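Here's a quick tour for anyone meeting this structure for the first time. Have a look at the sequence and the model, then read on.

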Amino acid sequence: MKTVLADTNIILWTFSGGPDFREAISKAAPEWNLAIPSCVITELEKLESNDARAALKMCKTLKIIDIGNGYTDTMLIDAAKNGYLIATNDKEILSELKSLKLNALKIREKDKLISTEGL
């Protein structure tokens, strides 16, 4: 089974009025497993907001995988090149994935995730 990696902004979407990111990913990519990259956990630990703390607590109950060290955006793009599906709303990541002809999940209409290329 393939794996979806959630970016920090998709996780925080849950805490800023969006739906639960876990359910949104499950609906958008029902055949895929969800995992949280350890670099995203590190990003959440650095943010000092109540939303980030709540997100971190939630994420620590999910599968966490190591996709490498370095800049999170670069790590996510490299992971996509290796077959992971990235759930993000980061315009730079989405643009890079599009140029590489790689699929991603992104927020649409503030309350759902869609595939950029169709799964």
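Ser26 counts as partly exposed, because its relative accessibility of 44% falls between the 20% limit for buried and the 50% limit for exposed. Keep in mind that you're looking at a predicted model.

**Ser26**
- You'll find Ser26 in helix α2.
- Ser26 sits 22 residues from Val4 in sequence, and the two C-alpha atoms are 9.5 Å apart in space.

**Thr14**
- Is Thr14 buried or exposed? Its relative accessibility is 17%, so Thr14 counts as buried, the limit being under 20%.
- Leaving aside residues up to four places away in sequence, Thr14 touches Pro19, Asp20 and Phe21.
- With Pro19 there's also a polar pairing: a polar atom of the Thr14 side chain lies 3.1 Å from the backbone oxygen of Pro19.

**Lys101**
- Lys101 is in a loop too, this one between α6 (91-99) and β5 (104-108).
- Lys101 has a relative accessible area of 72%, so it counts as exposed, the limit being over 50%.
- What is the phi of Lys101 near? It's near 60°, a positive value in a residue that isn't glycine.
- For background, most residues other than glycine have a negative phi.

**The overall fold**
- How many helices and strands does the protein chain have? There are six helices and six strands.
- Going along the sequence, they come in the order β-α-α-β-α-α-β-α-β-α-β-β.
- The protein chain has a radius of gyration of 13 Å, close to the 14 Å that the globule rule gives for 119 residues, so it's as compact as a globular protein of that length.
- Along its principal axes, the C-alpha trace spans about 35 × 30 × 25 Å.
- Take the contacts between residues at least 6 apart in sequence: 60% of them join residues at least 24 apart.

**Surface and charge**
- Of the 119 residues in the protein chain, 45% are buried.
- The protein chain exposes about 6,700 Å², and carbon and sulfur atoms supply 48% of that area.
- As for charge, the protein chain carries 16 positive and 17 negative side chains.
- The centres of those two sets lie 3 Å apart.

Technical notes. Residues are numbered from 1 along each chain as its sequence is written. This is a predicted model: local features need pLDDT of at least 70, side-chain atom pairs count only at pLDDT 80 or more; totals for chains, interfaces and linings use all residues. Side-chain values use heavy atoms; hydrogens and water are left out. Buried means under 20% relative accessible area, exposed over 50%, partly exposed in between (1.4 Å probe, protein chains only). A polar contact is a pair of N or O atoms within 3.5 Å; within protein, one must be able to donate a hydrogen and the other to accept it, and residues adjacent in sequence count only if both atoms are side-chain atoms. Contact means heavy atoms within 4.5 Å. Helices (H or I, at least four residues) and strands (E, at least two) are DSSP runs, numbered from the N terminus. The radius of gyration is taken over C-alpha atoms; the globule rule is 2.2 Å times the number of residues to the power 0.38. Accessible areas come from the Shrake-Rupley method with a 1.4 Å probe; for residues, only the protein chains shown count as cover. Lys and Arg count as positive and Asp and Glu as negative; His and the chain ends are not counted. The place of a charge is taken as NZ of Lys, CZ of Arg, CG of Asp or CD of Glu.
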